[in-house]
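Thanks for coming. I will go through a few places in this structure, one after another.

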Amino acid sequence: MALREGALRLNVLVRSRHFYKLTSLGVGARSLTEKVSSKQVKSSAPETAADHLIYTQEHFALKESLRKLIDQEINPYVDQWEAEGKFPAHKLFKILGNAGFLGVNKPVEYGGLGLDFSFSAAVAEELGNIRCGGIPMAIGVQTDMTTPALARFGSDELKKEFLLPSISGDKVACLGVSEVGAGSDVSSIKTKAVRKGDEYVINGGKMWTTNGTQADWMCLLANTSDGPPHKNKSLICLPMNLPGVHIARKIDKLGMWSSDTAEVFFDDVHVPCKNVIGQEGMGFTYQMLQFQEERLWAVANILTTMDNVIQETIQYTQQRKIFKHPVLHHQAVHFRLAELQTEVELLRSLLYRATALYIKGNDVTKLASMAKLKGGRLAREVGDSCLQYWGGMGYTSDVLVSRFYRDSRLMSIGGGADEVMLGIICKYMDTLPGK
């Protein structure tokens with residue numbers, strides 16, 4: 001019923017062709033990138049519902065509306081936000097929330113569209129047209145990394161307090177999983193939430209927290225007992241304005257400059273026990289489920305950017321001459337670009353297969369891990385090869401390929417490093433040696 005209501009709601013938006021009202025962010029001038037070579041070029045991906053494996057006309061209408069928002073509300077200001085090391089999350093998320101883009105697969109009763117995950121994948125793909133990696137990542141944290149478990153297992157009270165305003169864009173969310181000594185090894189986290197009466201008292205810290213300096217609440221993974229590491233953790237909705245929550249620092253990063261990343265400490269933070277998502281002790285399991293959507297979302301997002309990088313490299317190498325011939329005319333160049341585009345299309349097919357299985361209720365942990373692994377490695381290949389063909393211009397910060405080169409390196413680290421993905425795949429293949 002909720003899915004049908006969401007589809008009807010989307011159809012109304014499609015017919016009206018008015019998903020959002022343009023509200024100028026009123027900051028910055030247009031980017032230098034546009035002056036150099038940021039003219040958008042069409043990717044080789046299918047663009048009609050009749051040609052697509054899983055998308056309908058409604059998916060493409062959603063993507064079209066989001067693209068207009070990106071072109072008018074985000075891309076003109078990306079260079080400024082990159083230079084400032086932060087984008088105005090509350091202002092931008094409110095625009096996205098009003099347009100319905102922060103909860104496409106979330107329940108209608110909490111402000112979402114009630115659609116399946118394939119619509120989230122479509123949104124993630126379109127967000128890949130943003131001219132940096134940091135802003136799409138921050139949006140993805142809000143939509144597909146902090147809220148899936150809350151939407152699926154949280155109480156009605158928690159959903160009203162945290163999910164509903166996150167979907168509307170009134171609250172910015174962050175995810176508290178990684179720590180200084182526990183990144184991809186989630187079971188090793190040390191942050192503790194000790195029950196005292198009807199409250200938890202939380203002590204510890206979180207690292208690499210995307211949206212951390214601007215967030216209103218955190219989806220926190222903490223140890224709530226001294227039991228086995230896979231059964232002693234809980235996900236807790238933690239307001240960031242509580243006494244004892246300290247933003248230790250904003251972390252300077254190699255890439256993703258426009259996305260603020262924080263180190264956060266907790267010093268005797270008191271949180272009601274009712275803020276636990278679902279059952280106490282099930283946090284590790286819930287987080288593993290959230291990772292499925294996070295990894296598929298990340299792959300969908302980076303596919304579009306890889307398409308754009310390849311196409312803009314083709315455009316540039318057609319114009320740039322060396323020894324009186326366009327760079328593109330050298331066989332080594334056009335053959336390599338053909339190889340890269342082939343790899344992108346293969347990854348896209350894997351993503352659509354995994355998404356199709358996921359929306360039917362299947363466990364796609366193995367396929368999502370494979371896609372994440374391949375996405376991270378392929379992004380490094382695309383960035384390195386294409387930057388080479390831009391020559392000296394590729395080593396400047398004025399073009400997309402250089403920004404992609406540094407931003408995309410995170411794909412093989414965040415959300416589970418390549419080596420962790422390989423371990424998961426081996427587990428499903430039953431090839432891991434016994435301990």
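Helix α12 (residues 365–390) and helix α13 (residues 400–407) have axes that come within 9 Å and cross at roughly 150°. Axes here are lines fitted to C-alpha atoms, for helices over the stretch in contact, with angles from 0 to 180 degrees between N-to-C directions. Helices (H or I, at least four residues) and strands (E, at least two) are DSSP runs, numbered from the N terminus.

This is a predicted model, where local features need pLDDT of at least 70, side-chain atom pairs count only at pLDDT 80 or more, and totals for chains, interfaces and linings use all residues. Residues are numbered from 1 along each chain as its sequence is written, and side-chain values use heavy atoms, with hydrogens and water left out.

Back to the helices. On the α12 side, the residues that meet α13 include Ala 379, Leu 387 and Trp 390; on the α13 side they include Phe 404 and Tyr 405. Contact means heavy atoms within 4.5 Å.

Next, the loop. Asn 232 is found between β4 (217–223) and β5 (233–239). Is Asn 232 buried or exposed? Asn 232 has a relative accessible area of 7%, so it is buried; the term means under 20%, with exposed over 50% and partly exposed in between (1.4 Å probe, protein chains only). Not counting residues up to four places away in sequence, Asn 232 touches Ala 222, Asn 223, Thr 224, Ser 225, Gly 227 and Gly 281. From Asn 232 to Ala 222 is 10 residues in sequence and 8.4 Å in space, C-alpha to C-alpha.
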